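Open the model in your viewer and keep the selection tool at hand. Each stop below tells you what to pick and what you will find there.

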Amino acid sequence: MERFYITTPIYYVNDRPHIGHAYATILADVLARYHRLLGIPVHFLTGTDEHGQKVWEAAQLAGIPPQAQCDRTVVRFQQLWEQLAITHDDFIRTTEPRHTAVVQEILAELHERDEIYSAEYEGWYSVSEERFYTEKELVDGRSPEGKPVQRIRETNYFFRMSRYQQWLIDYIESHPEFIQPEQRRNETLGFLRQPLGDLCISRPRSRMPWGIELPFDRDYVCYVWFDALVNYISAVGYRRDEETFRRWWPADCHLIGKDILTTHTVYWPTMLHAMGLEMPRTIFAHGWWLSGGSKMSKSTGNVTDPIEMADRHGVDALRYYLMADMTLGQDAVFTEEGFALRYNADLANDLGNLASRVLRLVERHRDGRIPHPDETAAGPAEETLRRAVLAAVGEMERRLRAMQIDRGLAAVIGAVRETNRYVDQSAPWTLAKEGATTRLATVLYHACEALRIVSGLLFPVMPGKMAELRASLGLTGEEIAPRLERLRVWGELEPGRPASAPPSLFPRIDRRAHDTAARGAARRPAAKKAKTEGLISFQEFSRLALRTARVLEAEPVAGADRLLKLTVDLGDERRQIVAGIAPAYAPDDLVGRTVVVVANLEPATIRGVRSEGMLLAARQGDRLGIVTVAGDVAPGSAVG
Ligand code: MSP
C-alpha cells in the first residue's frame with residue numbers, strides 16, 4: 001500500500017531556530033499535508049540532535065547538566081513548530097532512551113561483525129564542526145568551511161565504510177531517484193571518485209563527554225553523526241516494534257539542506273547497508289536561504305527570526321512566501337522587500353481581493369447563501385473558468401510529485417487571476433443593478449466554486465487562512481480539510497449553504513510606511529521619487545549573491561570559440577560556469593585566480609553545457625577583462 005514517510009534533519013538543540021530551520025520543517029509539513037490531501041497515509045518525523053561539544057559547552061557555561069540544557073532549549077523548536085502549524089507525527093530527541101538504546105545495539109552488532117574496528121588515527125580536527133579533516137582537505141591551514149583545526153592523534157573506532165564504496169556508486173547509478181536534484185547526485189558521485197576512507201565513529205570521553213557510550217568501550221562515546229542519522233529508524237521502531245518499522249521503513253523522503261549532503265548520501269547509505277536495511281527512496285537536498293549574499297546562519301549573524309516574522313505578517317503568509325519564492329534545490333534570497341512584493345501581489349491583490357469581493361456580493365445580493373446556478377444562464381465564460389481552475393488541480397499535483405512546489409503554486413495563483421478576470425468581465429455588480437438575478441446567481445456560484453477549489457489547493461501551504469476561507473464558503477467539519485478527489489470535480493459546492501465575507505484575509509502590507517519606518521525617518525514621497533528614479537534600492541541590490549570563487553579548472557567548449565567551461569570553488573561547493581571569455585583568456589591563465597561570480601543566477605544550458613552562475617567581466621568593444629579580487633579572501637566570500 002502506498003504510504004509516505006518523510007523526515008526533516010534533526011536540528012542542533014542548542015541553536016536558536018531561524019528562517020533556514022523553519023523553511024526545512026515547513027517544506028516537510030507542506031509535503032506531508034499534500035500527501036494527506038491525496039489520501040495517502042503519512043508519517044512525518046522531525047526532532048532534535050542533542051549530543052556533542054556545543055551542548056556540553058553551553059551546559060558548562062550555564063552551570064547545569066547537559067540533559068537539563070537540552071530540556072531547556074528543545075522547547076524553542078517544539079513551540080515554534082506549534083506556532084507554524086507543523087503537523088509532525090513524531091518528534092524524536094537523540095537523548096531519549098528509545099534512541100540511545102537502539103544506537104548502542106547497532107554499534108554492538110556492527111562491532112561484533114567486524115564492521116567496526118579500532119585503530120590509531122592522526123588528523124586535523126575542527127572543534128566547531130566536530131570532525132576530522134585530512135591534510136588534503138584543508139584550505140590555507142583551515143577546514144574547507146574556514147574553521148580553525150588542530151592536529152590530534154588518538155586511538156579510535158572506525159566503521160568499515162570504504163568496503164561499500166563500489167556498492168554505493170552502483171546503487172546511486174542504478175537508482176536515479178535516490179539522490180535529488182540531479183546536481184546533488186552528481187556531487188555525491190564526484191565525491192565517490194576519490195577513494196573513500198573508513199569513518200571514525202568514536203570520540204574519547206576525555207575530550208567529549210556528552211554522547212552515547214560505546215557498548216564495547218566505556219572510554220568512548222559515539223560520533224554525533226553516527227548517532228544522529230539513526231534517528232530516522234529508531235523513531236519508527238527499528239529493533240523494537242517490527243510491525244511499525246515494516247510499515248514505514250524505508251523512508252520515502254529524507255529532506256535535507258545541501259550542506260549535509262555527504263553525511264546523508266554517503267555515511268547513511270553505507271551504515272544502512274552494513275545493517276542489512278533498505279535504502280530510503282529519496283534523499284532530497286534543498287538550497288539555502290541567503291541574506292546579504294551569504295547563507296543565513298547564526299555564526300554569520302544575518303538571521304531572520306521566524307517568530308517575529310510570523311507575528312508581524314501571519315504564519316500562513318510566511319509559509320506561502322517560503323514555498324513560493326524558493327525553487328526547490330536552488331538558493332533563494334530572503335528579504336523583507338521580496339516578502340512584501342510576493343504577499344501583496346499574490347495574496348492581498350489576487351486571492352484576498354477575489355474572496356472578499358465575491359463573498360461580499362453573495363452577502364449583499366444573495367442573502368448570504370451560496371446561490372443556485374442556472375445552467376441555461378452559463379456560457380463559454382464559465383466553461384473557460386472551469387477548465388482553467390481544473391487545469392490548476394492537475395498542474396499542482398504534477399508539480400508536487402516533481403518537487404516543484406513553487407511552480408505548482410504559480411499555477412494555482414494563475415487560476416485565481418483567471419477567476420478575477422472572469423468576475424471583472426461578468427460584472428456581477430452591474431447584473432445586480434440591472435436585476436439580472438439568474439445570471440447574477442450563476443456568476444457568483446461559479447466564482448465561489450473556483451474559490452472552493454483554489455482554497456483546497458492552497459490549504460497545505462496556508463492551513464489557517466484557507467480554513468477561514470473555506471468556512472466562509474459554507475464548508476464545515478471534515479469538509480474544511482480538502483480531499484483531492486473533491487477538488488477534481490466542478491460543481492461540488494452546495495447551493496443554499498450559508499456564506500459570508502471573511503474579515504480581511506490578507507491586509508496589504510504598506511511598503512512605503514514599512515520602508516519609512518525601517519529607515520526611521522519620514523520623507524516626502526514626491527521628493528523621494530525624483531531623487532531615486534532609475535536607481536535600485538539596497539534590497540534590490542542585495543538580491544544578487546555576488547561571491548568570490550577560485551578557478552579550479554578551465555577548458556574550451558567544443559564548437560564554441562568564445563566560450564570557456566570553468567570549474568570553480570565557491571567555498572562550500574563546486575560549480576561549473578560557462579563564460580564568453582575565450583577571446584581574451586587561455587584556459588591556463590585562469591586556473592588558480594579568484595574571480596567574482598553571480599552565485600544565485602538561475603542555471604542555464606549554453607551550447608549544451610550547463611552553467612551554474614555568471615562570471616563578471618568588463619567589456620570595452622572587443623577588449624575584455626575579468627573581475628578579480630585583490631587581497632587574500634577565501635573562495636565563497638560575499639562581494640558587496
Ligand atoms: N543536526 C544536523 C542534522 C542531523 S540530521 C541526521 C544539522 N542541524 S542544523 O540545525 O545545523 O541544520 C538543520 C537543517 O537546517 C540543515 O538541513 C540545514 O541545511 C538547514 N538550514 C540551516 N540554515 C539554512 C538556511 N539558511 N537555509 C535553508 N536551510 C538551512 O545539520
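The tour goes from the ligand to a pocket, then to the cavities, the domains and some backbone details.

**Before you start**

This is a predicted model, where local features need pLDDT of at least 70 and side-chain atom pairs count only at pLDDT 80 or more, while totals for chains, interfaces and linings use all residues. Residues are numbered from 1 along each chain as its sequence is written, and side-chain values use heavy atoms, with hydrogens and water left out.

**Stop 1: the ligand**

Select the ligand and the residues around it. A residue counts as near if one of its heavy atoms lies within 4 Å. There are 24 residues around the ligand, and Ile10, Asp49, Asp259, Trp289 and Met296 come nearest.

Now show the polar contacts (pairs of N or O atoms within 3.5 Å). Pick aspartate 49: an N or O atom in its side chain is 2.7 Å from a nitrogen atom of the ligand. Move to glycine 257, where a polar backbone atom is 2.9 Å from a ligand oxygen. At tyrosine 12, a polar backbone atom is 3.3 Å from an oxygen atom of the ligand.

How much of the ligand does the protein bury? Taken alone, the ligand exposes 670 Å², and the protein buries 96% of that. These areas come from the Shrake-Rupley method with a 1.4 Å probe.

Colour the helices and strands next. Both are DSSP runs numbered from the N terminus: helices are H or I with at least four residues, strands are E with at least two. β2 (11-12), α1 (19-37), α7 (224-229), α8 (231-234) and β13 (253-257) each give two or more residues to the shell around the ligand. The largest share, three residues, comes from α7.

Then colour by class. Ala, Val, Leu, Ile, Met, Phe, Trp, Tyr, Cys and Pro count as nonpolar, Asp, Glu, Lys and Arg as charged, and the others, Gly among them, as polar. The shell holds 13 nonpolar, eight polar and three charged residues.

**Stop 2: the second largest pocket**

Rolling a probe the size of a water molecule over the atoms shows where empty space is left. On a 1 Å grid over the protein atoms alone, a pocket is an open set of points with protein on both sides within 12 Å along at least five of seven lines; a cavity is a set where a 1.4 Å probe fits but cannot get out; lining residues have an atom within 4 Å of a point. Points are joined across faces, edges and corners, and a volume is the space filled by probe spheres set on them.

The second largest pocket has a volume of about 450 Å³. Select Glu478, Glu479, Ala481, Pro482 and Arg483, the closest to its centre of the 19 lining residues. α1 and α19 (484-487) are the elements that give two or more residues to this lining. The largest share, three residues, comes from α1. By class, the lining of this pocket has seven nonpolar, one polar and 11 charged residues.

**Stop 3: the cavities**

How many cavities of 30 Å³ or more does the search find? It finds two in the whole structure.

The largest cavity has a volume of about 50 Å³. Its lining residues include Gly52, Tyr125, Arg203, Trp210 and Tyr223. They divide into seven nonpolar, two polar and two charged.

The second largest cavity holds about 40 Å³ of space. Pick Tyr34, Val393, Met396 and Leu457, which are among its lining residues. α14 (380-401) gives the most to this lining, with four residues, and α1 supplies at least two. By class, the lining has eight nonpolar, no polar and one charged residues.

**Stop 4: the domains**

Colour domain 1 (335-487) and domain 2 (544-626). Their bounds come from an automatic or database domain assignment. The C-alpha centres of the two domains lie 46 Å apart.

**Stop 5: backbone details**

Select glutamine 180 and proline 181, which are joined by a cis peptide bond with omega of about -10°. Proline 181 sits in the loop between β8 (179-180) and α6 (182-191).

The peptide bond from tryptophan 249 to proline 250 is also cis, with omega near 0°. Look for proline 250 in the loop between α9 (242-248) and β13.

End at aspartate 114, in the loop between α4 (97-112) and β5 (116-126). Aspartate 114 is not a glycine, yet has a positive phi of about 60°.

Methods. Polar contact = N/O pair within 3.5 Å; in protein donor to acceptor, adjacent residues only side chain to side chain.
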